[in-house]
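Let us walk through this structure together, one stop at a time. Keep the 3D view open as you read, and find each residue when it is named.

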Amino acid sequence: MQFRQLIPLFLLSSSVSAGVFQQKPAKCSKGRTATHSQCCVWFDVLDDIQAGLFDRGQCGEEVHESLRLTFHDAIGFSPALQHQNKFGGGGADGSIMAFSQIETKYSANDGVDEIIELQRPIAIRHYVSFGDFIQFAGAVGVSNCAGGPRLEFLAGRSNHSRVSPDHLIPEPTDSVDAIIARMGDAGFSPYEIVDLLASHSVAAQDHIDPSIHGSPFDSTPSTFDANFFLETLLKGTVIPGASLHPGEVKSPLQGEFRLQSDFALARDPRTACEWQAFITDHDLMVSRFRAAMSKLATLGQNRKRLIDCSEVIPVPKNTKVGNPLLPAGKSMHDVEASCKSKPFPCLATQPGPETSIPPVPPS
Ligand code: HEM
Ligand SMILES: *[C@@H]1O[C@H](CO)[C@@H](O)[C@H](O)[C@H]1NC(C)=O
């Protein structure tokens, strides 16, 4: 009796080890391999977007917009609404692409229609879900930026979604209280808001002041560096366009654009110390961004049901970027240090004539 029971057990355990523990990597296109066969399609998507959408692996406008889109899709997620028996949104579910005719009318989504229209046909021709595609494009895109992170990418989000409710995406006119409350509802701490805002180191505005579209949030919008965190703490002295617009405050440099929300978060006691910490610790900025992005990308999703296809995300080439210097013409007197518990680091100033950011030529 005992012996008979042993045979099937033995067969079972050997098939388990062959099927799961000693699984051969799946063969994908161009001699590439993946741990899971379901990841292979993402190599083809990668080739496609790097060559086309991202203009041969650049960290340009389409990358910036793709990164912004990961946020605008995912943050449509509100347990607070759910508790009131209302639909709170499906998080990173692709609804912003599936229902773009509705969601792009929300004021916070001004401008995201362009990147959605560029991305949608690519998602459709590779037969991947909109929710997966949006997060994948953001992760690949930011790996193209010098100093950029290699983000996690999990695949397997359903292609079915419902329209996200309006008013879930923070706007630059919002107070810090309102931003902390909204992001807290979605599960982010005040520090994690700062972590996510490392994205604004590769960012520009087009729609708050359209007359100076392409004006960046820091002096190096193609580098994932801490200049954003430093420059937002400099005294605002310049109006980059003809006048200030709602959600805009004075910036420190000609041609640079400052969001009111970034100004306020840089100086609020709840967020200022995390903000300051990144200025002299690029590794910390990258690792915290990566952790917060993996949370963002799976809002409303069950991580256990997704497959880890992170191996498809390119390894960023230039991972080491220097700590920022004060822009030419600025001194430590221009820094509005705001972290009470730690002294502001002593920074040298870039040599040369006063820094200004050249206007971006129309594309
Ligand atoms: C406190 C919350 C945030 C506010 C109020 C905010 C607001 C904005 C605004 C107003 C713009 C300019 C859009 C335009 O005029 O074209 C922008 C751009 C951008 N945002 Fe945010 N944002 C927030 C958080 C985030 C997060 C969490 C991410 C990503 C993880 C992100 C990524 C970006 C990127 C990459 C751009 C640049 C887009 C481009 O250059 O085309 N933002 N943001
Ligand atoms: C996802 O849904 C959209 C409609 O919202 C459809 O156009 C697209 O083909 C679907 N993709 C897949 C992989 O089913």
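Glu61 is partly exposed, because its relative accessible area is 33%, and that falls between the limits for buried (under 20%) and exposed (over 50%), worked out with a 1.4 Å probe and protein chains only. Glu61 belongs to helix α3, residues 61-74. Helices here are DSSP runs of H or I with at least four residues, strands are runs of E with at least two, and both are numbered from the N terminus.

Before going further, note that this is a predicted model, in which local features need pLDDT of at least 70, side-chain atom pairs count only at pLDDT 80 or more, and totals for chains, interfaces and linings use all residues. Residues are numbered from 1 along each chain as its sequence is written, chains are lettered from A and ligands numbered from 1 in the order in which they are written, and side-chain values use heavy atoms, with hydrogens and water left out.

Now move on to salt bridges, each being a side-chain nitrogen of Lys or Arg within 4 Å of a carboxyl oxygen of Asp or Glu. How many salt bridges does a search of the whole structure find? The search finds 13. One of them joins the side chains of Lys30 and Asp47, with 3.1 Å from N to O. This pair links distant parts of the chain, 17 residues apart: Lys30 is in the loop between β1 (26-27) and β2 (33-34), while Asp47 is in helix α2, residues 40-51. Lys30 is exposed at a relative accessible area of 67%, whereas Asp47 is partly exposed at 24%. Lys30 and Asp47 also belong, with Arg32, to a network of salt bridges.

Helix α2 has another residue to look at. Asp48 and Arg125 meet through their side chains in a salt bridge, 3.1 Å from N to O. Asp48 lies in helix α2 and Arg125 in helix α7 (residues 112-126), so this pair ties together parts that are 77 residues apart in sequence. Arg125 is exposed, with a relative accessible area of 54%.

A further salt bridge joins Glu274 to Arg288, whose closest N and O atoms are 2.9 Å apart. Because Glu274 lies in helix α13 (residues 272-277) and Arg288 in helix α14 (residues 282-297), the pair ties together parts that are 14 residues apart in sequence. Is Glu274 buried or exposed? Glu274 counts as buried, at 4% relative accessibility, while Arg288 is partly exposed at 33%.

Next, find the iron atom of ligand 1. Which residue gives this iron its single donor from the protein? It is His200, through NE2, 2.1 Å away. Donors are N, O and S atoms within 2.8 Å of the metal (3.2 Å for Na, K and Ca), and sites may look incomplete because water is not among the atoms. His200 sits in the loop between α10 (190-196) and β4 (204-205).

Asn85 has a phi near 60° and lies in the loop between α4 (79-83) and α5 (95-98). Asn85 is exposed, at 75% relative accessibility. His167 has a phi of about 70°, and its place is the loop between β3 (154-155) and α9 (176-185). His167 is exposed too, with a relative accessible area of 67%.
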